[in-house]
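Thanks for coming, everyone. Let me put the structure up, and then we'll walk through some of its helices and loops.

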Amino acid sequence: MFRSSKIPIAAAVTCGPGLRIFPWESDMPDIGSFHPQLVHFVVGFGLIGVAFRLISFTGRLPWTSPAATSLLVLAALASVAAAQAGDDAHEVAEQIPGVRQAVQDHEDLGEDTRDLFLVVGALELLALILRKRARVERGLLIASGIVGVVAAYFLYEAGEHGGRLVYSYAGGVGTRTGDTADVHRLLVAGLYQEAEVMRNIDRPEEAARLTDELARQLPGDPGVTFLVIESILRDRHDAAGALAAIAKLPPPPADDPRRAIHTGLLQSEALIALGRSDSARAVLMALQQRFPDSRRLTAAIGELK
């Protein structure tokens with residue numbers, strides 16, 4: 001496996017998944033930021049190419065054979081670039097605590113996929129060179145189809161592990177570009193999601209603490225301000241404090257009915273918590289006159305009745 005920012009640029013001798021022998025390498029720029037784009041070329045070229053190769057064996061669509069050759073050779077080339085991009089990108093993700101094994105599994109599968117598609121591409125080119133020897137060509141194409149099916153399976157597994165790395169471990173999310181704003185957005189997203197989880201498992205104190213930290217990260221953000229008020233009301237069970245915070249909010253813009261409705265719903269919820277259901281109903285009825293089509297207001301009034 002590669003562990004440097006080098007990419008093979010010569011013919012590679014590959015003897016199956018996991019075994020790699022490259023005669024020489026050349027220094028290349030870091031292409032880790034292009035990994036997501038390059039992977040999709042492998043998926044597109046590889047899966048369609050394998051499908052066309054299998055269809056070509058039926059003899060009913062002759063054009064699928066040369067199309068398969070073109071696509072599978074392109075898939076082999078794209079897989080080399082994608083594997084190298086993944087190798088360039090893995091160091092940032094691997095630094096996240098607890099993610100190293102997930103990164104390694106994805107990288108191993110990606111490199112195995114690359115090796116298999118290189119074998120497929122070599123078989124396709126050999127069949128093209130030896131096309132005048134029909135039996136040899138046929139055997140090479142059958143071998144390409146078989147190895148192609150295996151390569152497609154490894155491609156699926158590499159993609160599945162890559163998705164798990166991104167969506168379960170946040171590997172690369174917010175960190176791939178190295179931009180401080182992206183990293184900050186990752187922190188904000190993590191605080192918000194963790195607060196929601198803590199609230200759902202009945203740990204309101206922790207949800208409140210995380211929401212307070214979110215407010216420190218995004219001071220003055222209108223959306224976070226509403227989250228803080230919700231936390232005061234639902235996590236700290238301080239309805240009076242929530243009403244006081246709502247009273248300090250600036251009037252919602254005339255062109256932003258959602259904010260006005262959200263503010264009214266929070267206010268009515270706090271009033272209900274204080275035992276002032278009539279006042280809550282008055283707030284909701286006034287809002288419904290302004291926004292008669294709001295389903296949220298209709299539902300809230302229905303619950304009060």
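Let's start with helix H5, residues 180-200. It has 21 residues, and at 1.5 Å a residue it should span 30 Å; the end C-alpha atoms are 30 Å apart, so the two agree. The expected span here is 1.5 Å times one less than the number of residues. Helices are DSSP runs of H or I, at least four residues, numbered from the N terminus.

A word on the source. This is a predicted model, where local features need pLDDT of at least 70, side-chain atom pairs count only at pLDDT 80 or more, and totals for chains, interfaces and linings use all residues. Residues are numbered from 1 along each chain as its sequence is written, and side-chain values use heavy atoms, with hydrogens and water left out.

Back to H5. Which of its residues are buried? They are Asp-182, Val-188, Leu-191, Ala-195 and Met-198. Buried means under 20% relative accessible area, exposed means over 50%, and partly exposed is in between, with a 1.4 Å probe and protein chains only. What do those buried residues pack against? Helix H6, residues 204-217. Contact means heavy atoms within 4.5 Å.

**Two loop residues**

Now the loop between H5 and H6. Asp-202 sits there. Asp-202 has a positive phi of about 65°, although it is not a glycine. Most residues other than glycine have a negative phi. Buried or exposed? Asp-202 counts as exposed, at 64% relative accessibility.

There is a second case. His-237 lies in the loop between H7 and helix H8, residues 239-247. The phi of His-237 is positive, about 55°, and His-237 is not a glycine. With 62% relative accessibility, His-237 counts as exposed.

Next, Ser-231, in helix H7, residues 222-234. Ser-231 is buried, with a relative accessible area of 1%. What does Ser-231 touch? Leaving out residues up to four places away in sequence, Ser-231 touches Arg-199, Ala-207, Ala-208, Thr-211 and Arg-236.

Then Ala-83, in helix H2, residues 64-94. Ala-83 is buried too, with a relative accessible area of 14%.

**Two helix pairs**

Last topic: packing. Two packed helices are described by the angle between their axes and the distance between the axes. Axes are lines fitted to C-alpha atoms, for helices over the stretch in contact, and angles run from 0 to 180 degrees between N-to-C directions.

Take helix H3, residues 100-129, and helix H4, residues 134-169. Their axes come within 8 Å and cross at roughly 160°. That makes H3 roughly antiparallel to H4. Angles over 145 degrees count as roughly antiparallel, under 35 as roughly parallel, 65 to 115 as roughly perpendicular, and the rest as oblique. The H3 and H4 crossing is left-handed. Left-handed means the near helix is turned anticlockwise from the far one by less than a right angle; right-handed means clockwise. The contact residues divide into 21 nonpolar, 7 polar and 5 charged. Nonpolar is Ala, Val, Leu, Ile, Met, Phe, Trp, Tyr, Cys and Pro; charged is Asp, Glu, Lys and Arg; the others, Gly among them, are polar.

Finally, helix H10, residues 277-290, and helix H11, residues 295-304. The axes come within 10 Å and cross at roughly 150°. So H10 is roughly antiparallel to H11. H10 passes H11 in a left-handed crossing. Among the residues making the contact are Leu-284 of H10 and Ile-301 of H11.
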